[in-house]
Amino acid sequence: MPRRSRTGTQERTRARLQGDDLMTRITETSDQWWKTAVIYCLDVETFFDSDGDGVGDVAGLVDRIDYLAQLGVTCLWLMPFYPTPDRDDGYDVTDFYGVDPRLGSLGDVVELVRTAKDRGMRVIVDLLINHTSAQHPWFKAARRSKDNPFRDYYVWRADTPPDTSDMAVFPDKEDGIWTFDERTEEWYLHHFYSHQPDLNVANPKVRDEIMKVIGFWLELGIDGFRVDAVPFFLEDLGMTGQDADAMAHPHDHLRDMRAFLSRRRGDAVLLGEVNVPHEEQATYFGDGHQLHMMFDFITMQKLYLSLARGDAGPLTEALLARPDIPEDCQWATFVRNHDELTLDKLTEEERAEVFAAFGPEEEMQIYGRGLKRRVPPMMGGDPRRIRLVYSLLFSLPGTPSLFYGEEIGMGEDLAAEGRMAVRTPMQWSPEPNGAFSTAAPTTLVARPVPDGYGPEFVNAWDQMRDPGSLWSFVRHLVQTYRAHPELGRGTFHVLDQPHTEVLAHCVAWDGRMVVAVHNLAGEARTVPLRVDAPPGSALESLLSEERLVLDDDGAAELALDGYGFRWFHVHHAGGLRLP
């Protein structure tokens, strides 16, 4: 029987739906498309180069839209493509309303959005409202004088700041979060690099500018935003002395953003980068009027601790400790993103365990808090463990997010600096440069992965033609996830069973239930299961031909290989039978 459930919603009266009734219910909730989306994050400049200059571009992405549609992606998340000096891979923006000339034009973006929608895909973009580039016209003006109209677009202080070395996001590059500006003889705030000054969100004019940016991209057909560094710009409100007059509470800004977004586009979404402890997470959802979605960093970190130990306990505890969230909110799950694989919410001892298992060499680690690696090399290339990780990603409650190249098992370039280790060119075929570009290798925006995970060994062309490949497996997971909306919308339960290395759980929604069982250890296990289902029900495999008939108590036994896993649809006697 289920031990406990936590999903952040109060269970409503649930009718068992069949046939047309089921389809009606799904249609009624389709405005919350993001609850059952499959998100795919990519960097335009490393995805596909259409003109042979060594840099990927928007036209190249349009050229590869059908590849993403075939995989089953339903939401593209584009990393920054705005004009930039490119000192932080595009996260240092000089114009929030443009496209960097290296990557294309606004017309290209409109064509991308139209083409994506034609293939059934939404498009969201990075919303960078914590900081600008120091080359942004606003900051250039702000540095001219203390009484410049743009001065208060940023956060300044006249007194010498205290030691803030422990607050620097990039401690190997910055010794604090304040930098002295010789021209105006004051210090400006920057949580990230000194060439990325923080915006003063307490200033109503800055908030108005942010709304204009949101409105602009919505008018061009964008379906929402991945909001960068959310906790940082809310913290800045308390550092200016203006926040008491500007707004009653920092989170009012998130509420205003969501209200504005909803007025302009009722189905648009705010997906937040919020890496905070459990007790703080709920505040960013609020009462359902702040962020729509939030990346679940804690579950990701505990997943790797569980994998390192071969013990499902840490992952189970993280899932059960998720705070309650409103019905109109959602968790986004991931096992790899575009940054370092942060482990900052683990204890020092736990982090050491994960380092020892998946990044024992210093060059694999970053800032002492994370890993600059992709999943396949971390799993030692073992296909059983790699597939186990992605099976967990798609079967845990929430909206799964993939980083480009995960579907084919790309590796990392450890010689690249910092987070750039995982931002290597997409590997399309075994041809030179992985067919990312026809340019000379020396002119590429980044070199392809150079070792056994290089294009000659790992590429989309070969894997799309191989039914046994990782690409085919991930595509099957995507299709199965999309066919079972309970995985994105349902109530999560952990199922009792005796093996600490096994996670058995179910996700139920409106009379539908998926049961998933994962063995995180290398030894085989026989797992006794008990499912809350009517007499005569059966567990019908979603990933194979297996079928288990439950006894009158809802019990069955399941044999799992080492690193084995199963997904089942709970089929009720006489009920609708789904594929």
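**Legends to close-up views of a predicted model**

**View 1. Confidence along the chain of the predicted model.** The chain has an average pLDDT of 92, and 91% of the residues score at least 70; pLDDT is the predictor's confidence in each residue, from 0 to 100. Residues 1–28 have a pLDDT below 50, and beyond near neighbours in sequence this stretch has 65 contacts in the model, a contact meaning heavy atoms within 4.5 Å. Residues 241–246 also have a pLDDT below 50, with nine contacts in the model beyond near neighbours in sequence. Residues are numbered from 1 along each chain as its sequence is written, and side-chain values use heavy atoms, with hydrogens and water left out. In this predicted model, local features need a pLDDT of at least 70 and side-chain atom pairs count only at pLDDT 80 or more, whereas totals for chains, interfaces and linings use all residues.

**View 2. Domain 1 and domain 2 in contact.** The chain is divided into domain 1 (29–129 + 204–482), domain 2 (137–189) and domain 3 (491–571), with bounds that come from an automatic or database domain assignment. The centres of domain 1 and domain 2, taken over C-alpha atoms, are separated by 29 Å. Contact between these two domains involves 14 residues of domain 1 and 13 residues of domain 2.

**View 3. Helices H6 and H9.** Helices (H or I, at least four residues) are DSSP runs, numbered from the N terminus. The axes of H6 (residues 204–219) and H9 (residues 252–264) come within 10 Å and cross at roughly 30°; axes are lines fitted to C-alpha atoms over the stretch in contact, and angles run from 0 to 180 degrees between N-to-C directions. H6 is therefore roughly parallel to H9, a term for angles under 35 degrees. The crossing is right-handed, that is, the near helix is turned clockwise from the far one by less than a right angle. Arg207, Ile210, Met211, Ile214, Gly215 and Leu218 of H6 meet His253, Asp256, Met257, Phe260, Leu261 and Arg264 of H9. By class, this contact has seven nonpolar, two polar and three charged residues; Ala, Val, Leu, Ile, Met, Phe, Trp, Tyr, Cys and Pro count as nonpolar, Asp, Glu, Lys and Arg as charged, and the others, Gly among them, as polar.

**View 4. Helices H11 and H12.** The axes of H11 (residues 297–309) and H12 (residues 313–320) come within 7 Å and cross at roughly 160°. The two helices are therefore roughly antiparallel to each other, a term for angles over 145 degrees. Their crossing is left-handed, with the near helix turned anticlockwise from the far one by less than a right angle. H11 contributes Ile298, Thr299, Lys302, Leu303, Leu305, Ser306 and Arg309 to the contact, and H12 contributes Gly313, Pro314, Leu315, Ala318 and Leu319. These residues divide into seven nonpolar, three polar and two charged.

Conventions. Angles under 35 degrees count as roughly parallel, over 145 as roughly antiparallel, 65 to 115 as roughly perpendicular and the rest as oblique.
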